[in-house]
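Welcome! Take a moment to turn the model around on your screen, and then let us walk through it together.

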Amino acid sequence: LVAMHPLFGAGPAGVQEAFMQVKPPLCPEDVTSVHSMFVDWVVALGATALAWCALVPAVFRGRVEVEDAPARDGASVLALRIAGGAAAAGLVLQAFVEGPAIDPASLVLRAIGFALFVGIAACAARVLESLEGRVIAGIALGTATLVLMHCMIETTAWLPGSMVLAIALLAAGSSLAPGGASGWPARLAAKVPLAVAGLAALCSVQFRALDARLEQAAELVRPLAAMRDEFQSFAQSRAAGQATDAGPLVEAARAAAQPAGTPADTERLVSQLVAALAAERVQEVIAALQSIDGSARRAAARELAAIDASQGAIAPSRVPLEAAIKQLAASGRRTIGPRSTNIVDRAAFDEACALADRQRSRGPSVRAAAMRADLAMEELRSAPAPDAARMAELEPLVRAASDLQPFNARRMADLAEATAMRGDQPLALRLYDKALALDANASLDPLAQMSDREIALIRVAQQRLRGDGAK
């Protein structure tokens with residue numbers, strides 16, 4: 001990895017994509033970190049990371065300017081206050097974040113744990129009051145080393161969002177003598193954690209606002225699930241020859257149409273459904289439901305695209321645009337149960353492809369290439385016989401995704417299928433064989449392997465290409 005990007009590295013978010021290119025064939029994972037802080041830094045930042053690596057031992061060396069005298073009185077009281085505040089804040093945050101998933105008894109257990117934490121902190125501070133400054137410095141060094149070791153395991157010190165924060169905190173702490181700040185550089189460094197914490201708070205507010213807007217977009221498509229369930233229940237009752245009431249289906253359709261359109265649009269769509277039900281024209285019923293589904297998903301996609309466009313340059317989220325692409329690609333295809341294999345709403349699908357192209361134009365990304373390749377495969381599979389010009393446009397998209405994930409069996413199988421559609425049977429057979437070999441190499445993680453159904457489809461495709469499909 002270092003040889004691939006020696007000067008400036010693969011980038012803080014590029015470690016995984018680089019790893020996919022060079023990982024051992026038997027490795028089933030596409031890791032975002034190699035679980036070694038210094039190696040990760042060099043891979044991500046290149047030669048400039050050497051300065052960061054040198055900073056850590058320099059930080060731990062620090063300056064120990066203390067007198068061999070007992071520590072300042074009152075430390076236990078201060079520790080009790082700080083620990084109590086931290087425990088109260090932690091309990092409130094856990095109750096807020098985990099509230100929907102835990103019961104009161106679990107919160108009581110957490111409160112007991114926080115109380116023990118406060119008691120231990122107070123006892124430790126009382127003990128430290130009687131120790132000499134150099135002993136305290138040694139304990140602090142050991143504690144900092146332990147924290148660093150834990151960060152090496154949990155990757156919390158060098159992920160893109162926390163690496164600079166971790167180094168800033170270490171630098172600020174190392175510049176302070178146990179007796180207090182020493183000089184204006186130390187006093188300035190002491191304010192660095194506050195500045196970083198303020199930046200983190202601003203980012204938190206930004207992401208909370210993003211979550212709220214994403215939830216509003218989700219409300220536009222959430223009623224579609226109830227409409228689908230009502231249709232399945234209605235269809236099963238009709239198939240069994242039972243008396244059926246279309247009222248629940250109509251009401252579910254109205255509820256699904258209302259958030260996305262005007263009252264006039266809602267009534268128009270519902271009227272089409274009612275007329276088709278009254279005439280017992282099944283295909284028109286399905287078409288009416290698909291129209292409602294497509295209307296809701298297009299409205300959600302417009303909202304998601306607007307969210308994406310309104311994001312600032314600092315830490316933009318990829319979620320809104322990816323969700324918009326998925327909603328447009330699914331337009332009308334999940335209304336009546338399992339996802340249809342055919343493209344129902346061509347205009348929405350083309351818009352999804354345009355958004356996917358916009359996503360790829362923002363820079364090389366495995367996720368962007370994979371989403372565009374998935375759409376290309378959807379189009380190839382739905383077309384009876386793609387013309388040569390369109391084939392020449394779509395196959396490179398599938399190949400690009402496979403090139404970025406050369407050890408991914410499913411990407412290789414997709415490329416083989418696209419190659420077979422182009423008419424290059426020998427190459428397609430070799431690619432199918434390679435896909436099966438890659439799948440076998442993933443045996444260390446069975447969940448990463450293809451399903452039996454996927455393997456069977458590849459075998460059938462191989463037989464067809466060899467001309468012995470009749471067997």
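This is a predicted model: local features need pLDDT of at least 70, side-chain atom pairs count only at pLDDT 80 or more; totals for chains, interfaces and linings use all residues.

**Starting from one residue**

Setting aside the neighbours within four places in sequence, Ala348 is in contact with Arg298, Leu328 and Ser331, where contact means heavy atoms within 4.5 Å. Ala348 is found in helix H15. Is Ala348 buried or exposed? At 1% relative accessibility, Ala348 counts as buried; buried means under 20% relative accessible area, exposed means over 50%, and partly exposed lies in between, using a 1.4 Å probe and protein chains only.

Residues are numbered from 1 along each chain as its sequence is written, and side-chain values use heavy atoms, with hydrogens and water left out.

Now step back to the whole chain. The protein chain has 20 helices and zero strands; these are DSSP runs, numbered from the N terminus, with helices being H or I of at least four residues and strands being E of at least two. Of the 471 residues in the protein chain, 34% are buried. Among contacts between residues at least 6 apart in sequence, 64% join residues at least 24 apart.

Let us return to H15 and meet its partner. Helix H14 (residues 319–329) and helix H15 (residues 346–361) pack at an angle of about 155°, with their axes 8 Å apart. Axes here are lines fitted to C-alpha atoms, for helices over the stretch in contact, and angles run from 0 to 180 degrees between N-to-C directions. H14 and H15 are therefore roughly antiparallel to each other: angles over 145 degrees count that way, under 35 as roughly parallel, 65 to 115 as roughly perpendicular and the rest as oblique. On the H14 side, the residues that meet H15 include Leu321, Ile325 and Leu328, and among their counterparts in H15 are Ala348, Phe349 and Leu355. The residues of this contact divide into ten nonpolar, one polar and three charged. In that count, Ala, Val, Leu, Ile, Met, Phe, Trp, Tyr, Cys and Pro are nonpolar, Asp, Glu, Lys and Arg are charged, and the others, Gly among them, are polar.

A second pair lies further along the chain. Helix H16 (residues 366–382) and helix H17 (residues 388–404) pack at an angle of about 140°, with their axes 8 Å apart. That makes H16 oblique to H17. Among the residues making the contact are Val366, Ala373 and Leu380 of H16 and Met391, Leu394 and Leu404 of H17. The contact of H16 with H17 divides into 13 nonpolar, no polar and three charged residues.

Next comes a loop. Most residues other than glycine have a negative phi. Glu280, however, has a positive phi of about 55° although it is not a glycine. Glu280 sits in the loop between helix H12 (263–279) and helix H13 (282–310), and counts as exposed at 56% relative accessibility.

Finally, what about the cysteines? Cys27 counts as buried at 19% relative accessibility, and Cys353 is buried too, with a relative accessible area of 5%. How many disulfides does a search of the whole structure find? The search finds zero, a disulfide being a pair of cysteine sulfur atoms within 2.5 Å.
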